[in-house]
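Here is a short briefing for a reader new to this structure.

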Amino acid sequence: MPSSKPKTTQTMKPATAAKKLGVLLSATPAEFQAGVVSRDELNELQATPPVWLADLRRNGPHPKQVIAAKLRISISGLIRGGITGPLTTAEIEALKAENPEWLERERSIQAEVRKEALRLKQRADG
């Protein structure tokens, strides 16, 4: 008779969980940073975010992948533009309003990249 192993709970480091949640680890509560996060806990955080998570997602500070997405540029474009640290939502909105030359250039580069990716996908599908 085969013995059934108890199901092990899949856990992740707080840094991994923060990345999956789209937040900056250093801005999360101390208890989040100190513990491990199970797959079920991560799913619960995504489904019904606590106040601290909703506030972080709304106001920041945001990690570079979120900043790049909000500005519609690549992470490399952020670095080329001199943005190396986290930004708040207000700082991102101010940057959009200012629309510096480097941001326009990076947006056009990103638009070309997307266009080329779409062209290649259509070619592969066609």
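**Where two helices meet**

A17, K20 and L21 in α1 meet R39, L42, L45 and Q46 in α3. Contact here means heavy atoms within 4.5 Å. By class, this contact of α1 with α3 has 4 nonpolar, 1 polar and 2 charged residues. Ala, Val, Leu, Ile, Met, Phe, Trp, Tyr, Cys and Pro count as nonpolar, Asp, Glu, Lys and Arg as charged, and the others, Gly among them, as polar.

The model is predicted: local features need pLDDT of at least 70, side-chain atom pairs count only at pLDDT 80 or more, and totals for chains, interfaces and linings use all residues. Residues are numbered from 1 along each chain as its sequence is written, and side-chain values use heavy atoms, with hydrogens and water left out.

**Geometry of α1 and α3**

- Two packed helices are described by the angle between their axes and the distance between the axes.
- The axes of α1 (residues 14–21) and α3 (residues 39–47) come within 11 Å and cross at roughly 30 degrees.
- That makes α1 roughly parallel to α3, a term for angles under 35 degrees.
- Axes are lines fitted to C-alpha atoms, for helices over the stretch in contact, and angles run from 0 to 180 degrees between N-to-C directions.
- Helices are DSSP runs (H or I, at least four residues), numbered from the N terminus.

**The two sides of α7**

- T89, I92 and L95 are buried in α7 (residues 89–98).
- Seen down the axis of α7, its buried residues fall within an arc of 125 degrees, so they line one face of the helix.
- The arc is that of the directions from the helix axis to the C-beta atoms.
- Buried means under 20% relative accessible area, exposed over 50%, and partly exposed in between (1.4 Å probe, protein chains only).
- α4 (51–59), α5 (64–71) and α8 (101–125) are among the elements that cover the buried residues of α7.
- The face turned away from the buried side of α7 carries the exposed residues A90, A97 and E98.

**Backbone exceptions**

- Most residues other than glycine have a negative phi, and most peptide bonds are trans.
- A cis peptide bond joins G60 and P61, with omega about 5 degrees.
- P61 sits in the loop between α4 and α5.
- R72 is not a glycine, yet has a positive phi of about 60 degrees.
- R72 lies in the loop between α5 and α6 (75–80), and is partly exposed at 46% relative accessible area.
- N99, also not a glycine, has a positive phi of about 45 degrees.
- The loop between α7 and α8 holds N99, which is partly exposed at 26% relative accessibility.

Key: Parallel < 35°, antiparallel > 145°, perpendicular 65-115°, else oblique.
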